Amino acid sequence: MSNLRRALTRARSGAGQAIESEAEPHMRALIVGGGVIGTSIAYHLAAKGADVIVIERTAIACAASGKSGGFLAMDWCDGTPLMHLARRSFALHAELADECNGEWGYRRMTTYGGVLGRSSTSAPRGARPGWLSPNISIHGQLGSMDTTAQVQPAAFTAGMMRAAEARGAELRLGSVTGLLQRGEDVVGVDLDGEVLEGDAVVIAMGPWSVLAAQWLSLPPVFGLKGHSVVFATGTAIPSEALFLEYAEDTGSILSPEIFPRADGTTYVCAISSESPLPIEPDLVVPDDGAIDRLKALCARISPILASSRVLSSQACFRPVTQDGLPLIGAIPGAPGAYVATGHSVWGILNAPATGEAVAELILDGATRAVDITSFDPARLEAVDPGRITLTRRRLG
Ligand SMILES: Cc1cc2nc3c(=O)[nH]c(=O)nc-3n(C[C@H](O)[C@H](O)[C@H](O)COP(=O)(O)OP(=O)(O)OC[C@H]3O[C@@H](n4cnc5c(N)ncnc54)[C@H](O)[C@@H]3O)c2cc1C
């Protein structure tokens, strides 16, 4: 009996948490990518008794998972195929913060929407909290303490890895450069020239998952760049999230998002671009002029932001697919291989239920908590591997 078959039998018989004889090998899952998706899958697999190795080429949360807003909304995906994934994830975020003694700044918050006018007289009239500039008008409440929340995403991602490690998972630093296949079966990865065998391999490489289309039949994944600045604001800004709209003199519409955090910092993101994705995650840097433009915008939003110390100025790429929905599931034509990426602007929100679903799929053969049919990677046409080589060369 193969390791995998034995492990599946064990998992299906509910023995995932039970003590086993030393002779019985565990099912071993290799997860490529230490972002919020990879570490969340690792946590759920390890919690169900699998042996897990997370392989990360740079550092845990080095990419979008460490540089995003960390904003969570229960019902903003209602009416879309993401609804159940988002609602389940929102509930799991609250549970995880409790169960894992999460030190990642999870808290509920009220959320407002508003408009930033070009001058103090051009904003529509409306109520305005005192910390905001007079040229801002709040036009409505977008979420309540029941429906919106936040985490510090780098801390959450690291927290998921720690929680997985506490359940036996292992982190290996290194770059996966290919797969090990026996016939069609995917039975391991090539890790910097070393072969690492496993019963299941999960591609969770964020926007770099496009490179895995050289090894497997995968639809395209693109990286869309976003910029952000983190300020040290102490207690000067109340714990309320704010989504604004602003028309620059050039006619560009910007949609800054402002998230004060429990650790006394305030995160502001805006300014997207279609700059090419560098092959190395640690080569991602802000576009020329983007941070100055963002800081100028922040100074218009609030005098507190104008005078606060900047702790980081950064950029990252969120992974997106052709139809805007994530790819979650078994990869067609490659038994043993799975993918979880393309979560776009909701990767931090949707990581917990994605992790749970992938763990169920690998260990139980089907998902229970959330139906992931809409995210089946087989719904989209696979990339022609010949084009990836070109893209790779151009990106490099
Ligand atoms: C500006 C901005 C703000 C955002 N705000 C929010 C928000 O408020 N709420 C929300 O829910 N979402 C938000 N998002 C989206 C969210 O950040 C992403 O969807 C999520 O972080 C994607 O996680 P990931 O694990 O798929 O990818 P990543 O975080 O990109 O992680 C992929 C990892 O794979 C590793 N890797 C790549 N190739 C290899 C290889 N060959 N071998 C080993 N490792 C490899 C990389 O080093 C990286 O660490 C935001 C995104 C951006 C850009």
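## The ligand and its surroundings

Around the ligand there are 37 residues, of which Glu56, Ser65, Ser344, Val345 and Leu349 come nearest. The model is predicted. By type, the residues of this shell divide into 21 nonpolar, 13 polar and three charged.

Several elements of the fold contribute to the shell. At least two residues each are supplied by helix H2 (36-47), strand E2 (51-56), helix H3 (64-67), strand E18 (309-320) and helix H8 (347-364).

Which atoms of the ligand lie close to N or O atoms of the protein? A polar backbone atom of valine 345 is 2.8 Å from a nitrogen atom of the ligand, and a polar backbone atom of isoleucine 348 is 3.0 Å from an oxygen atom of the ligand. The ligand taken alone exposes 1000 Å², and the protein buries 97% of that.

## Salt bridges between separate parts of the chain

Side chains of opposite charge can pair when their charged atoms come close. How many salt bridges does the structure hold? The count is 11. One of them joins the side chains of glutamate 197 and arginine 182, with an N to O distance of 3.3 Å. Glutamate 197 belongs to strand E11 (residues 194-197) and arginine 182 to strand E9 (residues 176-182), so this pair links distant parts of the chain, 15 residues apart.

Another salt bridge is formed by the side chains of arginine 379 and aspartate 323, at 2.7 Å from N to O. Arginine 379 sits in the loop between H8 and helix H9 (385-395), while aspartate 323 sits in the loop between E18 and strand E19 (327-330); the pair therefore ties together parts that are 56 residues apart in sequence. Arginine 379 counts as partly exposed, at 27% relative accessibility. Aspartate 323 also counts as partly exposed, at 35%.

## A network of salt bridges

Arginine 368 and aspartate 364 form a salt bridge in which the closest N and O atoms are 3.2 Å apart. Are the two partners buried or exposed? Arginine 368 counts as exposed, with 61% relative accessibility. Aspartate 364 counts as buried, with 17%. Both residues belong to a network of salt bridges that links Lys48, Asp364 and Arg368.

## Aromatic pairs

A pair of aromatic rings is described by the distance of the centres and the angle of the planes. The structure holds nine aromatic pairs. In one of them, phenylalanine 243 and phenylalanine 259 are 5.6 Å apart from centre to centre, with 65 degrees between the planes. This pair is edge-to-face, because planes over 60 degrees apart count as such.

What does this pair tie together? Phenylalanine 243 is in strand E14 (residues 240-247) and phenylalanine 259 in strand E16 (residues 257-260), so the pair connects parts that are 16 residues apart in sequence. Phenylalanine 243 and phenylalanine 259 are both buried. They also belong to one aromatic cluster, formed by Phe71, Trp76, Phe243, Phe259, Tyr267 and Trp346.

Notes
Residues numbered from 1 in each chain as written. Predicted model: local features only at pLDDT ≥ 70, side-chain atom pairs only at ≥ 80, totals over all residues. Heavy atoms only, no water. Near = heavy atom within 4 Å. Polar contact = N/O pair within 3.5 Å; in protein donor to acceptor, adjacent residues only side chain to side chain. Areas by Shrake-Rupley, 256 points an atom, 1.4 Å probe, with all protein chains shown as cover. Helix = DSSP H or I, 4+ residues; strand = E, 2+ residues; numbered from the N terminus. Nonpolar A, V, L, I, M, F, W, Y, C, P; charged D, E, K, R; others polar. Salt bridge = Lys/Arg side-chain N within 4 Å of Asp/Glu carboxyl O. Buried < 20%, exposed > 50% of the residue type's maximum accessible area, 1.4 Å probe, protein only. Phe/Tyr/Trp six-rings, centres within 6.5 Å; stacked < 30°, edge-to-face > 60°.
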